Each structure stands twice: as structure tokens, then as C-alpha cells.
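Here are some questions and answers on how labels are assigned in a structure. Each answer sets a value against its cut-off.

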Amino acid sequence: MKKKIITILLLSLLLITGLIGCTKVEKKLLAMNEYTELDTLILSDIRFDGTVADDIRMRMIEDMIKTRNPDFIAITGNLVNCKNNGEVMKKVALFFDNFAIPWATSIGELDVRGNTSKKQIVNILTNNNLKYSMVMRGESYEYNYIISVVNKNNGIEHLFYFIDTSVDCSDTFVEWYKNTITSISFKNVDKKGDTLRSQVFMNRPLPLYKNYSIVINNNNVEPSPWANSQIFEDAIFKMKSTKAVIAGYDNLANGYSGERIQEVLFTYTVTMLFDSSMTGDNYMLQKGRIGGSYHSFRDASYVDSLNRIMRDPENFKKATA
């Protein structure tokens, strides 16, 4: 029987050589299940805001988790969207932790657009009382971090990059991305010059999303790429490590399709975004596009697609007090 809870191995404050400045960083390892898979529920832009609609959001997520029974929950950012972002984030972090499934999130611009600073938000997400949070502080490299996914023999199969898109992309960030791939691959790949497979989870998309309509599928609404991220896009192709870039919600682009370019899958995940008022034209437009994406990361080189998990918030209103 497939394991519900996979083993989390935590090794703190290890020195990774080759990183910029040889900075001490946390290292977390996420173990695949007994079938050498990592069944992953991917969520985007849930945007908890402290309203009664949060109850519906939680019930929808609970239903998706019950249906799919994932090994890991990956969130591409914008977990919250409110002035009291710190207070709401504490409730949200406990909500996810109570599933007893490892989970992690990127930082989106809405997560830190409130009264609580980014540093404090990350402190909430990394609180020691959270037993299943895989989030790392990453303060020395702009709140970006890596989770290493290991197989049953403890060999690294994937590097999961969780990217902070609340600030502009920078040369320093790109150097960190390239150096970590080189350094970790050097230690864990037998054949000289080969690189480990990696996947990128980010909220804002990359510039090339503007050029491929099959990726955006957003009713001709212009995508909003991560600022200055052409240098990151170029690095992805140059390093030949990243096999999938999974972006969050962007102007109604909503995970309906993806485009493989130079062996890299570029896609959006299905968003959880819907209007908290539960009424009006915006709600009617959004409610049919709500849900998450699902993928089983294996020891194969490619990510073929993300399966959609659609949910209608109307079906969860009756349980609201």
C-alpha cells in the first residue's frame, strides 16, 4: 500500500561549496515514495484573505487532497492577499501542516503586500512548530531555496527550485541558480559534465510565455513576465538541467496547456483564484477555472504534462456556516 506520509530528512546548516560567497544554507531532502515517484499536488494563487470565502477555499483543497492523496504539496506563491498578511499566513501555514504531508511554497508579490514584512512572512513559514513545512529562509540568496528530491536509495533525482518573484530577477540570483546546479550535480552525478534534473516553481512567468499562445491560453490577455527575467530564461536553456517551469496565475492564464521548448516544459498551473464576494461578473468568469494541477515526478527525464483537477466553489458553499 502506498505510503501516505513520506520520510523527510532534514540536515540543517550544511556548507554547499560553490555557492556565492560559500554561504551556509539550510538543506532539506524530500524522499520519493516506495514506487520511486513523488505524487505532487500543485496549487497557485489561493489568495486567502480572512473572509468567509477562506472556508470554501479550505474545503476545496481538502477535497483535492482527499481525492489525490499526494506525497507533496507545491504552491507557486500568493498564498495570501490582505493587509493582515501575517495573521492570515499563520492560519494558512497551520492548515497545510495539519494534513501531515510535506509542503512548500514560493514567495509571490501578494504574500508580502501587507503589514507584515517578507522576512517575517518567511519566519512564519519556517516556524519550528510546523513539522511538514519544507520552506527555507533563503535570506542570503533573496528568499529562493532548493529542495532535493531523493529516491529510495537516497540518490538525488530532482532539484525543486522555489523562486521569489516579489522582486525583480537579478544577476546575483541567476549566478546562484547556475552555481547550485553545478555544485550539487558535481557531488551527485557519476558522469562528469552531466547535471541533475530540476523543476522551477514560480509565480510570475518568463518572457517566452508571451510568444507561445498554446502556453498562455488566456483569451489574448497579455502575460506579465517576471521583471528582468530574460537572463534567467537564458540560463535555463544554457544549463540543460531544468525540465519544467511551472508558473502561477497570470491574467487568466490557467494551466490548460503547455509548450515544450528545447526539452523544457513551460506551463501554468490551474489557479485557486476566485472573487471572495462569490458574486458578480468576475466571479462567474473565474469559478469555472478553479482547482489545481497534479503530476507524479518520477526518475524519468521529462515532465510530460500537468493533470488538471477542477473544482467549482459553488459545490462547497452549502457547508459554509
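Q: What makes both arginine 57 and aspartate 49 count as buried or exposed?
A: Both are buried; the label means under 20% relative accessible area, with exposed over 50% and partly exposed in between (1.4 Å probe, protein chains only). This is a predicted model, in which local features need pLDDT of at least 70 and side-chain atom pairs count only at pLDDT 80 or more, while totals for chains, interfaces and linings use all residues. Side-chain values use heavy atoms, without hydrogens and water, and residues are numbered from 1 along each chain as its sequence is written.

Q: Why is the contact between the side chains of arginine 57 and aspartate 49 called a salt bridge?
A: A salt bridge needs a side-chain nitrogen of Lys or Arg within 4 Å of a carboxyl oxygen of Asp or Glu. The N to O distance here is 3.4 Å, so the pair qualifies. Asp49 and Arg57 also belong to a network of salt bridges with Asp54.

Q: Why is aspartate 54 called buried?
A: Its relative accessible area is 8%, so the label buried applies.

Q: What salt bridge does glutamate 157 form?
A: Its partner is arginine 197, with the closest N and O atoms 2.6 Å apart. Glutamate 157 is in strand 7 (residues 156–162) and arginine 197 in strand 8 (residues 197–202), so the pair ties together parts 40 residues apart in sequence. Strands are DSSP runs (E, at least two residues), numbered from the N terminus.

Q: Why does arginine 197 count as buried?
A: Arginine 197 has 18% relative accessibility and therefore counts as buried.

How values were computed:
Helices (H or I, at least four residues) and strands (E, at least two) are DSSP runs, numbered from the N terminus.
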